[in-house]
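Student: Please take a close look at one part of this model and describe it for me slowly. I would like to follow how that part packs and what lies around it.

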Amino acid sequence: MSRIIADVIIVGAGIVGCSAAFHLARRKGLRVLVVEKGPLASGMTKRSGALIRAQYAHPTEARLAVASAPFFQNWKEIVGGNCGFTQTGFVVVAAEADASRLRAQVAQLQTLGANTRVLSRGELRDLQPATRVDDIALAAYEPGAGFADPVLATQTLAARAKELGATFRTGTMVKSIRVDFGRVVGVDTNIGLIETLNVVIAAGPWTDRLLKPLQAEIDIRAQRAEVAFFDRPAELKAGHLAFEDWTTDAHFRPHTFGLTMAGLNAPQSNGETNPDSFDESIAPSYVADLQQRLTTRIPAMAHARYTRGHAGVYDMSPDGHTVLGRVPGITGLFVAAGFSGIGFAIAPAVGACVSELVADGEARTVSVSALGITRFKP
Ligand SMILES: Cc1cc2nc3c(=O)[nH]c(=O)nc-3n(C[C@H](O)[C@H](O)[C@H](O)COP(=O)(O)OP(=O)(O)OC[C@H]3O[C@@H](n4cnc5c(N)ncnc54)[C@H](O)[C@@H]3O)c2cc1C
């Protein structure tokens with residue numbers, strides 16, 4: 001086999017790896033190679049709920065979401081093709097006990113440039129008459145939010161990256177990262193050594209498997225998360241806003257074909273799941289519990305019919321926030337992982353930051369120093 005050399009190798013062709021490849025390839029002149037053990041988007045991206053909003057408490061994650069929104073809204077012009085973005089509007093609803101926290105979140109987001117505002121119960125009721133509002137204090141409204149098709153988004157990013165010169169090797173497993181005298185020199189794969197001075201690990205819940213032999217693991221845990229789809233009753237066929245309900249700890253959004261997709265706000269267990277072998281089906285008890293929570297907010301959902309559901313895993317970092325930056329002590333090694341359930345919404349800006357970190361030494365799209373690994377290993 002001939003010698004393979006790249007300027008940057010990205011491990012993982014999920015939404016994050018493909019976004020990084022797209023942004024790096026746009027710079028021209030860099031040999032960008034994406035190495036993926038399965039097919040494109042075969043990891044957690046294909047299982048994603050793909051809800052896109054900026055309502056995050058962590059200011060850097062919120063900034064990444066704000067910077068990502070124009071990509072989803074103008075995908076055809078910026079990336080090319082269609083990512084299936086559908087604008088639905090999004091509300092977070094909170095009871096009195098959490099009202100000041102939600103108000104503060106909205107105020108912070110407004111300073112970061114997000115288009116969001118507080119709604120009173122009456123305003124929410126006017127906007128979405130099917131909503132039960134007597135048990136909430138207020139809502140945070142984000143009109144530009146929505147959802148996309150995670151596989152289409154990944155495929156179109158990869159297609160554009162290829163047009164711009166990036167190479168993809170699917171069905172190729174990175175077994176280890178080669179480091180000599182504290183700097184990356186290549187990756188060992190099932191097709192042999194690939195030489196490079198820069199590696200970006202965008203391997204979702206598999207990330208620590210590559211970091212552990214380098215004594216650089218982050219302690220990213222794979223935790224089960226589930227989503228279920230319901231066929232809406234006739235009175236809700238026109239659709240509804242996307243909701244994150246802090247009173248029931250559930251979220252739901254409209255999906256294509258008159259469906260509503262729903263899930264719980266937190267991963268379903270604290271125990272670790274094996275991302276290579278977990279039960280992808282969801283239990284009837286989970287579906288019944290979820291439907292109950294939906295019905296709490298939109299009573300007409302009591303008449304919805306469950307159609308299908310699936311499980312995936314979140315790559316939970318130790319503090320539940322994104323890990324993005326260089327690996328300390330190893331020149332040329334970068335990580336974009338540990339998204340803890342929000343990696344789809346922020347992927348366009350994460351990819352831009354990765355390309356800036358690798359090529360310029362510093363992220364400019366959003367300053368991401370607060371998301372670095374050194375917060376766990378000072
Ligand atoms: C059920 C569920 C619902 C979700 N809902 C939302 C949501 O509504 N909004 C949101 O923003 N986010 C959501 N997320 C989170 C979001 O989907 C993820 O954060 C995002 O898809 C992560 O993308 P990724 O590219 O980092 O990881 P992945 O898509 O997992 O990609 C990693 C890739 O790396 C490959 N890989 C791993 N190890 C190796 C190796 N050694 N060699 C080669 N290849 C390797 C894997 O095969 C995989 O394809 C959800 C996640 C789940 C599971």
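Tutor: Helix 1 packs against helix 6 (residues 150-163) at an angle of about 25 degrees, with the two axes 8 Å apart; here helices (H or I, at least four residues) and strands (E, at least two) are DSSP runs, numbered from the N terminus, while axes are lines fitted to C-alpha atoms, for helices over the stretch in contact, and angles run from 0 to 180 degrees between N-to-C directions. That angle makes helix 1 roughly parallel to helix 6, since angles under 35 degrees count as roughly parallel, over 145 as roughly antiparallel, 65 to 115 as roughly perpendicular and the rest as oblique. This is a predicted model, in which local features need pLDDT of at least 70 and side-chain atom pairs pLDDT 80 or more, whereas totals for chains, interfaces and linings use all residues. Residues are numbered from 1 along each chain as its sequence is written, and side-chain values use heavy atoms, without hydrogens and water.

With helix 9, helix 1 packs at an angle of about 40 degrees, their axes being 7 Å apart, and the two helices are therefore oblique to each other.

Turning to the ligand, a backbone N or O atom of I15 lies 3.3 Å from one of its oxygen atoms, and a backbone N or O atom of G49 lies 2.9 Å from a ligand nitrogen atom (a polar contact is a pair of N or O atoms within 3.5 Å). The elements that give two or more residues to the shell around the ligand are helix 1 (15-26), strand 3 (32-36), strand 19 (305-316) and helix 9 (343-360). In total 36 residues surround the ligand, the closest being E36, M44, T45, S48 and A345, where near means having a heavy atom within 4 Å.

Notes. Polar contact = N/O pair within 3.5 Å; in protein donor to acceptor, adjacent residues only side chain to side chain.
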